[in-house]
Amino acid sequence: MPKVLKIMSWKDVIQSRAKSPMKFGKPIKRKCLCIGKNYYWKDVATDSWDNHPELAILIEMKMGINVLDKGVSVLINVYEDKDHNIGYHIDKPDDLISNDDDWESHMNDIFSMSYAINDSDIDKDLGTMTYKYGEETWSTKVSAYGSRYIGPIENTHKQKKQGSTEKYNITNGRVFAWNGVLHNNYKISHKARTLVPRINITVRLHKEYEESVDWGCV
């Protein structure tokens with residue numbers, strides 16, 4: 001019988017290369033892979049964009065970001081089980097471009113999207129994303145669909161009281177975006193729950209970020 005050549009999808013490649021980093025001396029439940037500038041884990045598995053051309057195209061299509069531009073980091077998390085969740089946290093803004101005086105305060109610099117690992121789950125809710133406001137503010141500070149400008153998903157002018165939350169469904173390819181410094185200043189934390197196996201791609205723009213194109217009013 002002739003051998004059947006299986007062509008790996010971009011998700012297959014990620015799963016084959018991602019590994020569980022160590023925390024407090026033990027491997028965490030989810031697997032991670034970093035491409036580009038390392039942002040958080042010291043012992044995270046790393047890789048080259050040469051091995052992920054499909055993912056690079058997907059990020060540019062969905063977020064308008066060229067992953068080869070200077071100062072772009074991509075952290076991939078593989079959530080294989082329902083108990084692979086992330087609790088409330090705020091991303092450190094120190095090295096993000098929104099902490100740079102030249103970066104406009106209304107621009108996003110953190111982008112997050114997820115894709116179902118299994119094709120049978122593509123039309124399902126992959127999980128939930130919840131944002132909690134540590135301080136009162138008059139507008140939503142979360143954008144959808146990877147807009148470069150901060151444009152709320154809904155409830156634009158509804159007052160956000162201290163301790164109030166916003167919960168959104170994570171669907172296949174839906175992009176969430178926010179400004180890291182604004183979230184730090186307003187103490188807006190976020191958590192993610194997994195409902196079906198998914199791969200999350202989080203893109204961050206750092207201080208040395210330089211665009212290769214002028215996006216104008218994207």
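Over how many bridges does strand β6 pair with β12, and in which sense? I looked this up in a predicted model, in which local features need pLDDT of at least 70, side-chain atom pairs count only at pLDDT 80 or more, and totals for chains, interfaces and linings use all residues. Residues are numbered from 1 along each chain as its sequence is written, and side-chain values use heavy atoms, with hydrogens and water left out.

**Entry 1: the sheet.** I found that β6 (residues 86-89) and β12 pair in the antiparallel sense over two bridges. Strands here are DSSP runs of E with at least two residues, helices are runs of H or I with at least four, and both are numbered from the N terminus; two strands pair if DSSP finds at least two bridges between them. His 89 has His 190 in β12 as its bridge partner.

I then followed β12 to β8 (residues 127-133), where the antiparallel pairing runs over seven bridges and Thr 128 stands opposite Arg 193. β8 in turn pairs with β10 in the antiparallel sense over six bridges, with Met 129 and Tyr 168 as bridge partners.

I record the whole as an open antiparallel sheet of four strands in the order β6-β12-β8-β10. β6 and β10 (165-170) are at the edges with a single partner strand each, so one side of each has no neighbour in the sheet.

Buried means under 20% relative accessible area with a 1.4 Å probe, protein chains only.

**Entry 2: the nonpolar core.** Of its 30 residues, Leu 55, Ile 59, Val 74, Ile 76, Ile 201 and Val 203 touch the most other members. Elements supplying at least two residues each include α1 (10-17), β5 (72-79) and β13 (198-205). The largest share, five residues, comes from α2.

Leaving aside neighbours within four places in sequence, I found Val 74 in contact (heavy atoms within 4.5 Å) with residues including Leu 33, Trp 49 and Val 67.

Terms used. Core = buried A, V, L, I, M, F, W, Y, C linked by side-chain atoms within 4.5 Å. Buried < 20%, exposed > 50% of the residue type's maximum accessible area, 1.4 Å probe, protein only.
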